[in-house]
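Please consider the structure shown below, with attention to its pockets, its surface and its side-chain pairs. The explanation follows these topics in turn.

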Amino acid sequence: MATEDATSTEDLAQLLARLKDTYKVNDSQIATAIGASPSAVNTWIHRKRQPRPEALRALAAAYPKFTEDEIFAAAGRKTPGPLAPDAEERLLELFRGLTAEQQELQEIQLRALNEHNRSALS
């Protein structure tokens, strides 16, 4: 139980340190495993930048002892919901039916929601 409490308050740099220890990997190996540059991983470890959601998901896929929820929480973000290919196609079809002005407004709304989600736990 103590481990769960400790990991619930850790930030991404701390989680990455734990991941490196658990899997016996270095920054370059993490970068290769998730398709990122070693310098990008280094900026996350030194708390200079936060990774994009795609990189966080790639971490969970490459290192399954760490869940998406755990990784996103450490990054100070909520875990985005899953989007099945058929759902993505339905959304694109709806979007294509909008006027150019409506598409632009929807894009603004979606960007605002994404920004809110990025900063909600920070």
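The residues that line the largest pocket of this predicted model divide by class into eleven nonpolar, five polar and nine charged. The lining comprises 25 residues, and those nearest the centre of the pocket are Pro80, Leu83, Leu91, Leu110 and Asn114. The space within the largest pocket amounts to about 860 Å³.

Which helices each supply at least two residues of this lining? They are α5 (53-62), α7 and α8 (100-119). Of the contributors, α8 gives the most, with eight residues.

Leu91, one of the residues nearest the centre of the largest pocket, belongs to helix α7, which spans residues 85-96. Leu91 also takes part in a nonpolar surface patch, which it makes together with Leu83 and Leu94. The area of this patch is about 320 Å².

The discussion now turns to pairs of side chains. Two aromatic pairs are found in a search of the whole structure. In one of them, the ring centres of Tyr23 and Tyr63 lie 4.8 Å apart and the ring planes stand at 65 degrees, so the pair is edge-to-face. Tyr23 lies in helix α2 (residues 12-23), whereas Tyr63 lies in the loop between α5 and α6 (68-74); the pair therefore ties together parts that are 40 residues apart in sequence.

Side chains of opposite charge can also pair when their charged atoms come close. A search of the whole structure finds ten salt bridges. One of these is formed by the side chains of Glu70 and Arg18, at 2.6 Å from N to O. Why does this pair tie together parts that are 52 residues apart in sequence? The reason is that Glu70 lies in helix α6 and Arg18 in helix α2.

Terms used
Residues numbered from 1 in each chain as written. Predicted model: local features only at pLDDT ≥ 70, side-chain atom pairs only at ≥ 80, totals over all residues. Heavy atoms only, no water. Patch = residues over 30% accessible without salt bridge, like charges linked within 9 Å, V, L, I, M, F, W, Y side chains within 5 Å. Areas by Shrake-Rupley, 256 points an atom, 1.4 Å probe, with all protein chains shown as cover. Salt bridge = Lys/Arg side-chain N within 4 Å of Asp/Glu carboxyl O. Helix = DSSP H or I, 4+ residues; strand = E, 2+ residues; numbered from the N terminus. 1 Å grid on protein atoms, 1.4 Å probe; cavity = no way out; pocket = protein on both sides within 12 Å on 5 of 7 lines; lining within 4 Å. Points joined across faces, edges and corners; volume = space filled by probe spheres on them. Nonpolar A, V, L, I, M, F, W, Y, C, P; charged D, E, K, R; others polar. Phe/Tyr/Trp six-rings, centres within 6.5 Å; stacked < 30°, edge-to-face > 60°.
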